[in-house]
Amino acid sequence: MRLIVPLQGVVQGRGGLLMGSLIPCALFYFLQLYLKKRHRSPKPRSPSVSPSPSSSNLAELPRSASRSNLSSRGSIGPARTSNRATSIAKPNTSPYYVGLDRVLEDPYDRVHYPDGIIQLGLSENRLCLDLIDEWMSENLNNSVIRGDGGDLGIAGLATYQPSDGLVELKVAMASFMSKVVSKEVSFNPSQIVITSGATPAIEILCFCLADQGNAILVPTPYYPGFDRDMTWRTGVELIPVHCRSTDNFIPSITALDQAFNQAKKRGLRVRGILISNPSNPVGNMLPRETLYSLLDFAREKNIHILSDEIFAGSTHGNEEFVSMAEIVGEEEFDKDRVHIIYGLSKDLSIPGFRVGCIYSFNETVLASSKRMARFSPVSALTQRLLVSLLLDTRFITKYLETNRRRIRQVYDLFVAGLKELGVKWTEGGAGLFCWVDMSGLIRSYSEKAELELFDRLLNIAKINATPGSACHCIEPGWFRCCFTTLSLEDVPVVIERIRRVAEICKSPR
Amino acid sequence: MTRTPFFRARLPDPDEDSRAAVTTSSGAGGGWGTAMRVIVPLQGVVQGRGGLVLGSLIPCALCYFLQLYLKRHRSGPARTPPPSPSSSADHLSEVTGAVLQRSSSRAHLSPRGSGGPAHVSSRAALILRGGDSPYFVGLKRVEEDPYDAVANPNGIIQLGLAENKLCLDLVCEWLVANGNKAMLGDEASISRIATYKPLDGLMELKMAVTDFMSQATERSVSFDPSQIVLTTGSTAAIETLSFCIADGGNAFLVPTPYYPGFDRDIKWRSGVEIIPVPCRSSDNFALSINALDRAFYQAKKRGVKVRGIIISNPSNPVGTVLSRETLYSLIDFVTEKNIHLICNEIFAGSTQGAEEFVSVAEIVDSEDCDRTRVHIVYGLSKDLCLTGFNVGVIYSLNENVVAAAKKLSRFSSVSTPTQRLLISMLSDARFTQNFIRVNRERLRKMYVEFVAGLKKLGIECTKGNGGFSCWADMSGLIRSYNEKGEIELWDKLLNMGKINVTPGSSCQCIEPGWFRFCFATLSENDVPVVMERIRNVSETCKSRS
């Protein structure tokens with residue numbers, strides 16, 4: 001009433017009739033104006049206002065003018081790229097990419113370049129390359145290009161193939177996935193879409209599940225690449241949901257719920273949760289119970305679950321890995337909302353082959369992913385090669401075993417070194433990395449100090465580890481160290497280098 | 001309460017005013033302006049009993065409803081499909097969330113539909129909805145029942161896919177001789193192919209590709225390997241360029257008839273619009289700057305921002321090549337409008353006619369013009385018969401575009417074994433030279449034979465110089481001169497004639513009755529079979545009319 005009373009005064013005063021009608025009208029007009037402005041501003045206003053009028057003026061130049069008059073660069077301003085390209089092309093300042101670039105310039109080599117930077121920032125597995133090498137040299141001749149009148153086979157390489165992958169590869173992939181999960185989980189080849197790496201697989205799923213401006217919840221710490229893969233072209237927003245070291249970085253439903261409701265308040269529509277299991281920077285696996293409650297949560301909110309299981313076969317502990325496919329398979333859940341991302345880059349250590357896949361239970365998602373696979377197909381040559389590699393059961397079994405054993409070996413050596421330094425780490429049973437707590441070495445408990453330490457590690461110790469802040473971890477001082485690019489001989493070198501930094505850090509106090 | 005006396009003191013006037021209001025609203029007019037007419041009834045209310053409160057509340061309410069309406073109206077386009085399911089789903093999820101405790105046994109919650117079906121995005125729905133174009137329907141039909149001279153002579157013959165099978169034997173020969181060695185590289189070391197590599201392609205392959213491109217364009221241009229981004233096929237190359245050049249809601253001008261796949265590659269995920277710019281048979285389907293200009297201004301009027309032109313040279317369905325003069329005027333046009341030019345030159349090495357093919361790179365090279373707005377799409381699928389390898393190329397002289405495309409190549413990078421193989425294949429100069437020459441010869445032979453066959457049936461083709469297809473005018477055979485008649489004929493060709501061709505309407509051709517025949521998938525023995533089948537159909541068409 002208090003708001004209305006002053007107005008009433010005006011209405012009842014002189015000129016009341018007019019003013020009483022005009023003031024609300026004017027107020028309303030301004031409100032509309034304000035709304036309109038606010039509504040427009042995000043898209044075209046900021047970048048285009050100044051250039052566009054000038055270009056329209058120029059359009060009035062007579063077309064008949066000679067080419068040379070028009071042509072000299074800059075007369076019209078440079079050709080503009082799209083706003084999204086501009087933001088994509090910007091150099092990335094995240095320490096994750098800074099570190100990777102630095103290593104490229106100055107890589108460590110035990111023999112030739114012992115002062116170079118040691119790469120602990122790229123989750124690549126080089127421990128079992130010799131096995132793949134061996135297989136290739138033995139089988140390449142018979143696998144892809146058969147000399148013995150296999151013309152038909154070769155024609156099959158060169159001609160049009162379904163862009164979502166050869167059926168043979170899907171079958172081989174399905175059986176490989178069941179082997180990796182090492183359980184009685186069977187994957188259905190018809191639910192697989194093959195893509196050129198796990199990166200496009202994730203992007204395609206984002207395109208399928210969320211529209212521009214929608215959001216996806218991602219428990220932190222998460223793989224720094226998601227910020228590119230999931231948002232750049234899809235226009236989807238990632239909402240980090242913070243996990244704590246006290247929970248061993250396992251996502252809590254309460255935090256998810258909070259994030260969901262906050263997003264809702266902001267008017268954002270949440271369309272899914274992305275989990276990586278085994279977790280990418282942390283290296284632990286989600287317990288069965290967590291998977292169940294995640295599913296419950298997803299159902300309750302009617303959203304999707306994207307499960308990135310690209311490290312499923314790189315487990316090295318005694319814990320068993322539980323795939324989302326197993327959870328969904330064993331009970332009558334509504335499977336429609338579960339989508340699994342897998343790839344051969346990590347578990348088969350062939351990132352150069354660029355092979356990933358989407359495994360989904362949702363017919364609509366499968367159908368549209370198959371259509372989008374036209375933008376990221378795998379070359380038929382590579383597919384044929386993989387079909388014979390994956391179907392060589394004896395080799396695969398041996399490979400998976402050896403791979404696990406070797407990862408374990410390096411891991412044990414690495415954490416033993418950390419223990420000696422008095423540095424703690426999260427006990428995880430999977431992945432190609434170790435999630436190390438260096439908060440004892442940072443000067444103040446903040447992101448700034450963490451980046452300082454990152455800088456020291458990179459420049460003084462010459463090792464590139466990924467700082468937790470690049471993974472959106474809220475607790476400072478955590479670092480991801482990928483140890484599978486190392487050989488056993490390199491581990492002591494790394495530990496020695498960390499020790500050096502640790503001493504410097506501790507001495508000023 | 002000071003309000004009451006105040007209210008009473010003003011009582012006499014309102015009666016008069018309300019009477020006046022009644023008369024004006026009943027149409028007597030009086031001295032009130034039109035604007036006043038709206039306000040007057042309100043004044044009546046204001047001055048009547050309870051006027052103070054109502055006088056403030058009614059405008060407020062009106063304002064509220066207007067806002068509500070505006071809000072609805074604005075988010076309308078995006079919302080149109082979901083409202084009913086989403087609101088009910090939200091409702092349901094709230095209900096289940098509130099009523100069923102999370103702790104209750106899982107089995108209670110599980111039956112499907114308790115939370116409503118999981119939604120997919122509206123763009124996924126859009127992608128699924130399309131695809132009923134005869135182009136894609138035809139391709140699918142052939143997959144189900146493909147022709148084979150021996151095994152399935154009654155199957156459907158594929159004339160709808162721009163694929164070259166004429167020179168597969170050459171590729172096969174090379175692969176058998178060199179393939180295995182090539183894939184591993186000389187050192188036969190696995191770390192050369194298995195480990196992480198730059199996602200936009202190996203430098204060696206970029207160099208080999210530029211060499212090959214110069215050869216394909218007959219040594220007229222030299223390309224700079226550092227300006228190249230390799231992708232998984234030219235489809236991905238075109239999509240990446242659309243992402244880099246245009247934002248969602250912007251548009252590209254594309255002269256028609258154009259390759260039916262553009263509608264997917266450009267629109268689907270990047271959200272860019274295609275504005276077809278019709279070309280006429282009377283001009284031999286050559287594009288006219290006037291038409292482009294008109295389309296540009298029409299788009300501007302509609303408030304759509306045009307960011308570029310996409311041309312195919314050699315043209316995909318028509319098979320013509322663009323003259324040097326046309327390319328010059330195109331570059332002038334894009335410079336004048338400050339937009340980009342994307343040239344799809346994927347058939348550059350597959351020219352078979354007498355006319356010379358001029359790459360836009362040559363024009364840009366020689367002229368003092370703005371190079372940063374010209375981008376070339378290339379691929380090895382057509383010119384090297386390697387569709388299955390899925391290797392496409394973006395060649396751009398715009399640093400920003402190259403930088404963005406390199407970063408985007410993480411979504412479509414070529415697998416390293418394939419790259420290694422291609423490096424040695426393309427570096428084998430004897431092979432590539434021979435291949436390009438033989439391929440041109442065979443294409444020419446096939447083209448001549450095919451066009452002659454059609455001519456015998458009374459079907460004329462536009463004079464083509466490149467590509468795997470001829471563009472035939474079958475308007476004489478359609479029952480009515482419209483798209484419906486054309487689709488009827490297409491249907492007849494597919495189901496009676498058992499040949500799959502691409503109707504002009506799929507290529508957005510505005511003149512009905514044109515069809516694209518891709519002849520490079522045929523062997524020579526197939527041509528008479530195709531002609532016989534077309535004759536059968538054309539006879540039934542003629543007899544009825």
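Between domain 1 of chain A and domain 2 of chain A there are zero salt bridges, a salt bridge being a side-chain nitrogen of Lys or Arg within 4 Å of a carboxyl oxygen of Asp or Glu. The count between domain 1 of chain B and domain 2 of chain B is also zero. The model is a predicted one, in which local features need pLDDT of at least 70 and side-chain atom pairs count only at pLDDT 80 or more, while totals for chains, interfaces and linings use all residues. Residues are numbered from 1 along each chain as its sequence is written, chains are lettered from A and ligands numbered from 1 in the order in which they are written, and side-chain values use heavy atoms, with hydrogens and water left out.

**Domain interfaces**

The domain bounds come from an automatic or database domain assignment. In chain A, domain 1 comprises 91-128 + 397-506 and domain 2 comprises 160-391. In chain B, domain 1 comprises 130-166 + 438-543 and domain 2 comprises 192-433.

**Salt bridges**

Over all chains the count comes to 40 salt bridges. One of them joins R110(A) to D490(A), with the closest N and O atoms 3.0 Å apart. This pair links distant parts of the chain, 380 residues apart: R110(A) is in the loop between α6 (95-105) and β1 (118-119) of chain A, and D490(A) is in helix α20 (residues 490-506) of chain A. Helices (H or I, at least four residues) and strands (E, at least two) are DSSP runs, numbered from the N terminus.

**Cavities**

A search of the whole structure finds seven cavities of 30 Å³ or more. On a 1 Å grid over the protein atoms alone, a cavity is a set of points where a 1.4 Å probe fits but cannot get out, and lining residues have an atom within 4 Å of a point. Grid points are joined across faces, edges and corners, and a volume is the space filled by probe spheres set on the points.

The largest cavity holds about 130 Å³ of space. It is lined by 16 residues, of which P219(A), P221(A), P251(A), S276(A) and S279(A) are the closest to its centre. The elements giving two or more residues to this lining are β3 (215-219) and β5 (270-276) of chain A, and β5(A) gives the most, with three residues. By class, the lining has 12 nonpolar, four polar and no charged residues. Here Ala, Val, Leu, Ile, Met, Phe, Trp, Tyr, Cys and Pro count as nonpolar, Asp, Glu, Lys and Arg as charged, and the others, Gly among them, as polar.

**Backbone geometry**

Most residues other than glycine have a negative phi, and most peptide bonds are trans. The peptide bond from T220(A) to P221(A) is cis, with omega near -10°. P221(A), in the loop between β3 and α11 (226-229) of chain A, is among the residues closest to the centre of the largest cavity.

In chain B, the peptide bond from T256(B) to P257(B) is cis, with omega near -10°. P257(B) is found in the loop between β3 (251-255) and α13 (262-265) of chain B.

N248(A) is not a glycine, yet has a positive phi of about 60°. N248(A) lies in the loop between β4 (237-241) and α12 (253-265) of chain A.

Terms used:
On a 1 Å grid over the protein atoms alone, a cavity is a set of points where a 1.4 Å probe fits but cannot get out, and a pocket is an open set with protein on both sides within 12 Å along at least five of seven lines; lining residues have an atom within 4 Å of a point.
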